[in-house]
Amino acid sequence: MVKLEQPFKMDEIKVLYTEAVELLKQLIAIPSFSKEEYGTAACIASFLKKKQIPFQQQGNNIWASNLHFDINKPTILLNSHHDTVKPNSGYQLNPFDPIVKEEKLFGLGSNDAGGCLVSLLACFVHYYHKPNLNYNLVIAATAEEEISGKNGVEALIPQLPPINFAIVGEPTLLNLAIAERGLMVVDAKAVGVAGHAARNEGENALYKAVKDIEWIRQHHFEKVSDLLGPVKMTVTSFTTENKQHNMVPASAEYLIDIRVNELYPFEEILKTLKANLNAEITPRSTRIKSTLINPNHPIVKAGESLGSICYGSPTTSDKALMPFPALKVGPGDSARSHTADEFIYLLEIEKGIDFYIKLLNEVL
(Lines give C-alpha, C1' and ligand atoms only; values in the text may rest on other atoms or scores of the structure.)
Protein backbone atom coordinates (compact mmCIF):
# COMPACT_ATOMS: atom_id res chain seq x y z
CA MET A 1 0.00 0.00 0.00
CA VAL A 2 1.24 3.49 -0.82
CA LYS A 3 1.68 5.38 2.44
CA LEU A 4 -0.70 8.33 2.87
CA GLU A 5 1.96 10.88 3.64
CA GLN A 6 2.46 14.49 2.63
CA PRO A 7 3.39 14.58 -1.09
CA PHE A 8 6.28 16.57 -2.46
CA LYS A 9 5.20 20.23 -2.42
CA MET A 10 5.21 22.46 -5.46
CA ASP A 11 3.23 25.64 -6.00
CA GLU A 12 1.71 24.21 -9.17
CA ILE A 13 0.49 21.10 -7.35
CA LYS A 14 -1.20 23.34 -4.79
CA VAL A 15 -2.99 25.30 -7.53
CA LEU A 16 -4.02 22.13 -9.34
CA TYR A 17 -5.22 20.65 -6.07
CA THR A 18 -7.33 23.70 -5.19
CA GLU A 19 -8.95 23.66 -8.63
CA ALA A 20 -9.53 19.91 -8.48
CA VAL A 21 -11.27 20.05 -5.11
CA GLU A 22 -13.49 22.91 -6.28
CA LEU A 23 -14.42 20.96 -9.41
CA LEU A 24 -15.18 17.84 -7.36
CA LYS A 25 -17.48 19.84 -5.09
CA GLN A 26 -19.35 21.07 -8.16
CA LEU A 27 -19.66 17.53 -9.52
CA ILE A 28 -20.96 16.16 -6.20
CA ALA A 29 -23.68 18.82 -6.15
CA ILE A 30 -25.04 17.65 -9.54
CA PRO A 31 -26.95 14.33 -9.59
CA SER A 32 -25.30 12.12 -12.21
CA PHE A 33 -26.85 8.68 -12.08
CA SER A 34 -25.88 6.40 -14.95
CA LYS A 35 -27.57 7.51 -18.19
CA GLU A 36 -28.36 10.89 -16.55
CA GLU A 37 -24.89 12.50 -16.58
CA TYR A 38 -25.72 15.56 -18.73
CA GLY A 39 -25.24 17.96 -15.80
CA THR A 40 -21.80 16.72 -14.83
CA ALA A 41 -20.81 16.53 -18.51
CA ALA A 42 -21.65 20.23 -18.82
CA CYS A 43 -19.68 20.96 -15.64
CA ILE A 44 -16.55 19.21 -16.97
CA ALA A 45 -16.97 20.98 -20.33
CA SER A 46 -17.13 24.31 -18.49
CA PHE A 47 -13.93 23.47 -16.60
CA LEU A 48 -12.08 22.76 -19.86
CA LYS A 49 -13.46 25.94 -21.46
CA LYS A 50 -12.10 28.01 -18.59
CA LYS A 51 -8.73 26.36 -19.16
CA GLN A 52 -9.02 27.20 -22.89
CA ILE A 53 -8.69 23.52 -23.74
CA PRO A 54 -10.68 22.46 -26.82
CA PHE A 55 -12.78 19.36 -26.20
CA GLN A 56 -15.24 17.11 -27.95
CA GLN A 57 -18.45 15.57 -26.66
CA GLN A 58 -20.23 12.38 -27.61
CA GLY A 59 -23.38 11.80 -25.60
CA ASN A 60 -22.34 12.41 -22.00
CA ASN A 61 -18.68 11.58 -22.72
CA ILE A 62 -16.18 14.46 -22.80
CA TRP A 63 -12.68 14.12 -24.24
CA ALA A 64 -9.70 16.29 -25.16
CA SER A 65 -6.16 15.95 -26.51
CA ASN A 66 -2.94 17.67 -25.49
CA LEU A 67 -2.01 20.88 -27.38
CA HIS A 68 0.93 19.37 -29.26
CA PHE A 69 -0.86 16.19 -30.32
CA ASP A 70 1.17 14.43 -33.02
CA ILE A 71 -0.52 11.69 -35.03
CA ASN A 72 2.88 10.04 -35.52
CA LYS A 73 3.32 9.49 -31.78
CA PRO A 74 1.73 6.78 -29.62
CA THR A 75 -1.12 7.87 -27.36
CA ILE A 76 -1.99 7.34 -23.70
CA LEU A 77 -5.63 7.49 -22.63
CA LEU A 78 -6.43 8.95 -19.20
CA ASN A 79 -9.93 7.82 -18.28
CA SER A 80 -12.33 7.99 -15.39
CA HIS A 81 -16.10 8.21 -15.06
CA HIS A 82 -18.51 10.85 -13.80
CA ASP A 83 -21.65 8.76 -13.30
CA THR A 84 -22.65 7.45 -9.87
CA VAL A 85 -24.88 4.81 -8.39
CA LYS A 86 -27.99 5.99 -6.55
CA PRO A 87 -27.50 6.79 -2.85
CA ASN A 88 -28.46 3.98 -0.52
CA SER A 89 -30.89 4.28 2.38
CA GLY A 90 -28.11 4.49 4.96
CA TYR A 91 -27.12 8.07 4.14
CA GLN A 92 -27.19 10.43 7.11
CA LEU A 93 -25.76 13.34 5.11
CA ASN A 94 -27.18 14.91 1.98
CA PRO A 95 -25.44 12.93 -0.80
CA PHE A 96 -25.42 16.02 -3.04
CA ASP A 97 -24.00 18.42 -0.46
CA PRO A 98 -20.17 18.51 -0.70
CA ILE A 99 -19.35 18.83 2.99
CA VAL A 100 -15.76 19.10 4.21
CA LYS A 101 -15.05 18.01 7.76
CA GLU A 102 -12.16 16.26 9.48
CA GLU A 103 -10.08 16.67 6.29
CA LYS A 104 -12.60 14.59 4.34
CA LEU A 105 -14.80 15.63 1.43
CA PHE A 106 -18.19 13.91 1.72
CA GLY A 107 -20.69 13.36 -1.07
CA LEU A 108 -21.98 10.82 -3.57
CA GLY A 109 -19.25 10.02 -6.10
CA SER A 110 -16.50 11.71 -4.08
CA ASN A 111 -14.51 8.48 -3.79
CA ASP A 112 -15.93 6.53 -6.76
CA ALA A 113 -14.63 7.97 -8.88
CA GLY A 114 -14.72 11.76 -8.51
CA GLY A 115 -11.39 12.02 -6.73
CA CYS A 116 -9.71 10.03 -9.50
CA LEU A 117 -11.41 12.02 -12.25
CA VAL A 118 -10.42 15.45 -10.97
CA SER A 119 -6.88 14.23 -10.21
CA LEU A 120 -6.50 12.94 -13.79
CA LEU A 121 -7.92 16.22 -15.15
CA ALA A 122 -5.38 18.13 -13.05
CA CYS A 123 -2.61 15.89 -14.38
CA PHE A 124 -3.79 16.48 -17.96
CA VAL A 125 -3.83 20.25 -17.38
CA HIS A 126 -0.25 20.00 -16.08
CA TYR A 127 0.94 18.33 -19.28
CA TYR A 128 -1.43 20.02 -21.75
CA HIS A 129 0.95 22.73 -23.05
CA LYS A 130 4.19 20.76 -22.76
CA PRO A 131 5.99 20.13 -26.08
CA ASN A 132 8.18 17.20 -27.09
CA LEU A 133 6.44 14.52 -25.06
CA ASN A 134 7.11 10.88 -25.96
CA TYR A 135 3.36 10.21 -26.06
CA ASN A 136 0.20 12.10 -26.86
CA LEU A 137 -2.31 12.40 -24.04
CA VAL A 138 -6.08 12.06 -24.32
CA ILE A 139 -8.32 12.70 -21.31
CA ALA A 140 -11.78 11.13 -21.32
CA ALA A 141 -14.48 11.69 -18.69
CA THR A 142 -17.01 9.01 -19.48
CA ALA A 143 -20.55 7.97 -18.65
CA GLU A 144 -22.38 4.77 -17.66
CA GLU A 145 -19.42 3.05 -15.99
CA GLU A 146 -21.49 1.95 -13.00
CA ILE A 147 -23.82 -0.06 -15.24
CA SER A 148 -21.20 -1.04 -17.86
CA GLY A 149 -23.43 0.80 -20.29
CA LYS A 150 -22.92 0.78 -24.03
CA ASN A 151 -22.98 4.59 -24.27
CA GLY A 152 -19.91 5.09 -22.11
CA VAL A 153 -16.27 4.40 -22.89
CA GLU A 154 -17.19 1.54 -25.24
CA ALA A 155 -19.02 3.98 -27.53
CA LEU A 156 -16.27 6.59 -27.24
CA ILE A 157 -13.26 4.42 -28.11
CA PRO A 158 -14.03 4.33 -31.87
CA GLN A 159 -13.98 8.15 -31.88
CA LEU A 160 -10.51 8.33 -30.32
CA PRO A 161 -7.13 8.11 -32.02
CA PRO A 162 -5.36 4.73 -31.72
CA ILE A 163 -4.54 4.14 -28.04
CA ASN A 164 -1.36 2.36 -26.91
CA PHE A 165 -2.41 1.98 -23.31
CA ALA A 166 -4.68 3.58 -20.73
CA ILE A 167 -4.65 4.71 -17.13
CA VAL A 168 -8.09 4.09 -15.65
CA GLY A 169 -8.89 6.20 -12.61
CA GLU A 170 -10.58 4.16 -9.89
CA PRO A 171 -9.95 4.20 -6.12
CA THR A 172 -7.11 1.76 -5.43
CA LEU A 173 -5.20 3.53 -2.63
CA LEU A 174 -2.74 4.37 -5.45
CA ASN A 175 -1.80 0.73 -5.84
CA LEU A 176 -1.69 -0.88 -9.27
CA ALA A 177 -4.64 -3.05 -10.29
CA ILE A 178 -2.98 -4.88 -13.16
CA ALA A 179 -5.69 -7.54 -13.39
CA GLU A 180 -9.46 -7.53 -13.02
CA ARG A 181 -11.99 -10.30 -12.74
CA GLY A 182 -14.35 -10.74 -15.64
CA LEU A 183 -18.08 -11.18 -15.19
CA MET A 184 -20.28 -13.52 -17.18
CA VAL A 185 -23.98 -13.90 -16.42
CA VAL A 186 -25.62 -17.09 -17.67
CA ASP A 187 -29.30 -18.04 -17.89
CA ALA A 188 -29.94 -21.76 -17.38
CA LYS A 189 -33.20 -23.59 -18.09
CA ALA A 190 -33.86 -27.17 -17.04
CA VAL A 191 -36.60 -28.81 -19.13
CA GLY A 192 -38.87 -31.64 -17.97
CA VAL A 193 -42.42 -32.85 -18.57
CA ALA A 194 -45.45 -31.56 -16.68
CA GLY A 195 -47.57 -34.04 -14.74
CA HIS A 196 -49.82 -34.51 -11.71
CA ALA A 197 -47.84 -34.79 -8.50
CA ALA A 198 -50.27 -37.27 -6.92
CA ARG A 199 -49.96 -39.77 -9.76
CA ASN A 200 -46.18 -39.59 -10.01
CA GLU A 201 -46.45 -38.36 -13.59
CA GLY A 202 -44.09 -36.26 -15.66
CA GLU A 203 -40.41 -35.45 -15.37
CA ASN A 204 -39.61 -32.92 -12.67
CA ALA A 205 -37.51 -30.08 -14.11
CA LEU A 206 -36.91 -28.74 -10.62
CA TYR A 207 -35.05 -31.91 -9.61
CA LYS A 208 -32.90 -31.62 -12.74
CA ALA A 209 -32.08 -28.03 -11.86
CA VAL A 210 -31.20 -28.97 -8.28
CA LYS A 211 -28.67 -31.54 -9.56
CA ASP A 212 -27.15 -28.89 -11.81
CA ILE A 213 -26.95 -26.36 -8.99
CA GLU A 214 -25.22 -28.87 -6.73
CA TRP A 215 -22.65 -29.53 -9.48
CA ILE A 216 -22.06 -25.78 -9.83
CA ARG A 217 -21.59 -25.49 -6.05
CA GLN A 218 -19.05 -28.32 -5.96
CA HIS A 219 -17.13 -27.65 -9.19
CA HIS A 220 -13.67 -26.08 -9.07
CA PHE A 221 -11.90 -24.89 -12.20
CA GLU A 222 -8.30 -26.09 -12.14
CA LYS A 223 -6.44 -22.94 -13.13
CA VAL A 224 -6.08 -20.61 -10.15
CA SER A 225 -4.66 -17.14 -10.73
CA ASP A 226 -1.93 -15.75 -8.49
CA LEU A 227 -3.60 -12.34 -8.87
CA LEU A 228 -7.32 -13.14 -8.93
CA GLY A 229 -7.65 -16.56 -7.37
CA PRO A 230 -10.07 -19.21 -8.70
CA VAL A 231 -13.08 -18.81 -10.97
CA LYS A 232 -16.16 -18.36 -8.79
CA MET A 233 -19.66 -19.50 -9.81
CA THR A 234 -22.76 -18.56 -7.79
CA VAL A 235 -26.39 -19.35 -8.51
CA THR A 236 -28.22 -16.15 -7.60
CA SER A 237 -31.87 -16.78 -8.54
CA PHE A 238 -34.24 -19.70 -9.14
CA THR A 239 -37.80 -19.96 -10.42
CA THR A 240 -40.31 -22.35 -11.98
CA GLU A 241 -43.25 -21.50 -14.19
CA ASN A 242 -45.50 -23.59 -11.98
CA LYS A 243 -47.48 -21.96 -9.14
CA GLN A 244 -49.67 -25.01 -8.40
CA HIS A 245 -48.76 -27.34 -5.54
CA ASN A 246 -49.99 -30.47 -7.33
CA MET A 247 -48.25 -30.09 -10.69
CA VAL A 248 -44.78 -31.33 -11.57
CA PRO A 249 -43.00 -28.37 -13.20
CA ALA A 250 -42.06 -28.71 -16.87
CA SER A 251 -39.28 -26.13 -16.60
CA ALA A 252 -37.06 -24.51 -13.98
CA GLU A 253 -34.81 -21.53 -14.56
CA TYR A 254 -31.82 -20.27 -12.62
CA LEU A 255 -29.20 -17.57 -13.02
CA ILE A 256 -25.44 -18.09 -12.65
CA ASP A 257 -23.07 -15.26 -11.71
CA ILE A 258 -19.56 -16.25 -12.85
CA ARG A 259 -16.47 -14.28 -11.82
CA VAL A 260 -13.67 -15.27 -14.18
CA ASN A 261 -9.92 -14.94 -13.69
CA GLU A 262 -7.55 -13.99 -16.49
CA LEU A 263 -6.66 -17.63 -17.21
CA TYR A 264 -10.01 -18.60 -18.75
CA PRO A 265 -11.75 -17.22 -21.82
CA PHE A 266 -15.54 -17.13 -21.54
CA GLU A 267 -15.81 -19.72 -24.32
CA GLU A 268 -13.97 -22.31 -22.22
CA ILE A 269 -16.23 -21.68 -19.22
CA LEU A 270 -19.34 -22.08 -21.38
CA LYS A 271 -18.00 -25.28 -22.93
CA THR A 272 -17.50 -26.76 -19.45
CA LEU A 273 -21.01 -25.80 -18.35
CA LYS A 274 -22.64 -27.29 -21.44
CA ALA A 275 -20.71 -30.54 -21.00
CA ASN A 276 -21.77 -31.00 -17.38
CA LEU A 277 -25.24 -29.48 -16.95
CA ASN A 278 -28.59 -30.78 -18.13
CA ALA A 279 -29.92 -27.26 -18.56
CA GLU A 280 -30.08 -25.17 -21.69
CA ILE A 281 -27.33 -22.55 -21.30
CA THR A 282 -27.63 -19.01 -22.64
CA PRO A 283 -25.03 -16.35 -21.83
CA ARG A 284 -26.76 -13.10 -20.93
CA SER A 285 -23.64 -10.93 -20.74
CA THR A 286 -20.12 -11.60 -22.04
CA ARG A 287 -18.85 -8.02 -22.41
CA ILE A 288 -17.08 -7.70 -19.06
CA LYS A 289 -13.99 -9.79 -19.74
CA SER A 290 -11.12 -10.42 -17.34
CA THR A 291 -8.09 -8.28 -18.11
CA LEU A 292 -4.37 -8.25 -17.43
CA ILE A 293 -1.70 -5.71 -18.26
CA ASN A 294 1.79 -7.20 -18.47
CA PRO A 295 3.54 -6.73 -15.10
CA ASN A 296 6.62 -5.65 -17.07
CA HIS A 297 4.78 -2.91 -18.97
CA PRO A 298 6.62 0.44 -18.65
CA ILE A 299 3.66 2.14 -16.90
CA VAL A 300 3.47 -0.67 -14.35
CA LYS A 301 7.19 -0.44 -13.70
CA ALA A 302 6.82 3.32 -13.36
CA GLY A 303 4.18 2.83 -10.68
CA GLU A 304 6.31 0.33 -8.81
CA SER A 305 9.21 2.79 -8.83
CA LEU A 306 6.92 5.20 -6.93
CA GLY A 307 6.28 2.64 -4.20
CA SER A 308 2.97 1.18 -5.42
CA ILE A 309 2.30 -2.56 -5.35
CA CYS A 310 0.57 -4.70 -7.99
CA TYR A 311 -2.57 -6.67 -7.24
CA GLY A 312 -5.61 -8.26 -8.85
CA SER A 313 -8.88 -6.37 -8.43
CA PRO A 314 -12.10 -8.25 -7.60
CA THR A 315 -14.16 -5.34 -8.95
CA THR A 316 -14.71 -4.42 -12.58
CA SER A 317 -14.31 -1.07 -14.32
CA ASP A 318 -14.15 0.46 -17.79
CA LYS A 319 -10.79 -1.32 -18.08
CA ALA A 320 -12.81 -4.44 -19.01
CA LEU A 321 -14.20 -2.72 -22.12
CA MET A 322 -10.85 -1.53 -23.48
CA PRO A 323 -9.22 -3.43 -26.36
CA PHE A 324 -5.75 -2.24 -25.32
CA PRO A 325 -3.61 -2.57 -22.16
CA ALA A 326 -4.92 -0.59 -19.20
CA LEU A 327 -3.71 0.04 -15.67
CA LYS A 328 -6.32 0.80 -13.00
CA VAL A 329 -5.00 3.12 -10.31
CA GLY A 330 -6.20 6.12 -8.37
CA PRO A 331 -6.70 7.92 -5.07
CA GLY A 332 -9.40 6.79 -2.67
CA ASP A 333 -10.35 3.39 -1.33
CA SER A 334 -12.55 0.88 -3.16
CA ALA A 335 -13.96 -0.21 0.21
CA ARG A 336 -15.74 3.17 0.48
CA SER A 337 -17.41 2.89 -2.92
CA HIS A 338 -21.21 2.68 -2.86
CA THR A 339 -21.28 3.11 0.93
CA ALA A 340 -23.45 5.53 2.90
CA ASP A 341 -21.88 8.96 3.49
CA GLU A 342 -19.18 8.29 0.93
CA PHE A 343 -16.04 10.40 1.30
CA ILE A 344 -12.48 10.92 0.15
CA TYR A 345 -9.63 12.40 2.17
CA LEU A 346 -8.50 15.75 0.79
CA LEU A 347 -4.91 14.61 1.14
CA GLU A 348 -5.72 11.64 -1.11
CA ILE A 349 -6.66 14.05 -3.91
CA GLU A 350 -3.48 16.07 -3.49
CA LYS A 351 -1.39 12.95 -3.39
CA GLY A 352 -3.31 11.53 -6.36
CA ILE A 353 -2.45 14.54 -8.53
CA ASP A 354 1.17 14.33 -7.49
CA PHE A 355 1.22 10.57 -8.18
CA TYR A 356 -0.34 10.78 -11.65
CA ILE A 357 2.09 13.52 -12.69
CA LYS A 358 5.10 11.56 -11.45
CA LEU A 359 3.78 8.31 -12.96
CA LEU A 360 3.45 9.86 -16.43
CA ASN A 361 6.76 11.67 -16.06
CA GLU A 362 8.46 8.26 -15.97
CA VAL A 363 7.29 7.52 -19.53
CA LEU A 364 6.73 10.96 -21.09
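Mentor: Phenylalanine 106 has phenylalanine 343, in β18, as its bridge partner, and this pair belongs to an antiparallel pairing of β5 (residues 104–106) with β18 that runs over three bridges; strands here are DSSP runs of E of at least two residues and helices runs of H or I of at least four, numbered from the N terminus, and two strands pair if DSSP finds at least two bridges between them. The model is predicted, so local features need pLDDT of at least 70 and side-chain atom pairs pLDDT 80 or more, while totals for chains, interfaces and linings use all residues. Residues are numbered from 1 along each chain as its sequence is written, and side-chain values use heavy atoms, leaving out hydrogens and water.

The open sheet is built from three strands in the order β4-β5-β18, with antiparallel pairing. Because β4 (100–101) and β18 (343–345) stand at the edges with a single partner strand each, one side of each is left without a neighbour in the sheet.

Two helices complete the picture. α1 lies across β4, β5 and β18, at about 25° to β5, whereas α3 packs on the sheet, touching β5 and β18, with its direction at about 45° to that of β18; contact means heavy atoms within 4.5 Å, and the angles, from 0 to 180 degrees, are taken between N-to-C directions of axes fitted to C-alpha atoms, for helices over the stretch in contact.
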